[in-house]
Amino acid sequence: MTGPTPATTPTPRICPNCDGFASAAIASGGRDTQGHLHTLTVDCPVCDGHGTILTPAVQLAGGRA
């Protein structure tokens, strides 16, 4: 394939706070009458439950900060 190379979108980086595991289910200890565990789903506060963060613009430009 010849011609100009297409522009690439910046690849997101894995969140350093949660290592990509953005949500966790935490058992609160009790069970209901049908035997199911009561769980809470908690999202990572840094990436808001996405598991990735955007690359800073300085790294994309290749320059120094």
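Modeller: Start with a pair of residues. In β3, Leu 40 is the bridge partner of Ile 26. A word on the source: this is a predicted model, where local features need pLDDT of at least 70, side-chain atom pairs count only at pLDDT 80 or more, and totals for chains, interfaces and linings use all residues. Residues are numbered from 1 along each chain as its sequence is written, and side-chain values use heavy atoms, with hydrogens and water left out.

Colleague: What makes β2 and β3 a pair?

Modeller: Two strands pair if DSSP finds at least two bridges between them. Strand β2 (residues 23–31) and strand β3 (residues 37–43) have 6 bridges, in the antiparallel sense. The hairpin of β2 and β3 has 5 residues between the strands, and Gly 35 takes a positive phi near 95° there.

Colleague: How many helices and strands does the protein chain have?

Modeller: The protein chain has 1 helix and 4 strands. Both are DSSP runs, numbered from the N terminus: helices are H or I with at least four residues, strands E with at least two. Along the sequence the pattern is β-β-β-β-α.

Colleague: Why is Cys 44 called buried?

Modeller: Buried means under 20% relative accessible area, exposed over 50%, partly exposed in between (1.4 Å probe, protein chains only). Cys 44 has 7% relative accessibility, so Cys 44 counts as buried. Cys 18, at 14%, is buried too. Of the 65 residues of the protein chain, 12% count as buried.

Colleague: And why is Leu 54 called exposed?

Modeller: Leu 54 has a relative accessible area of 71%, so Leu 54 is exposed. Leu 54 lies in the loop between β4 (52–53) and α1 (57–61).

Colleague: What makes the largest nonpolar core a core?

Modeller: A nonpolar core is a set of buried Ala, Val, Leu, Ile, Met, Phe, Trp, Tyr and Cys residues joined through side-chain atoms within 4.5 Å. The largest has 6 residues: Cys 15, Cys 18, Ala 22, Cys 44, Cys 47 and Ile 53.
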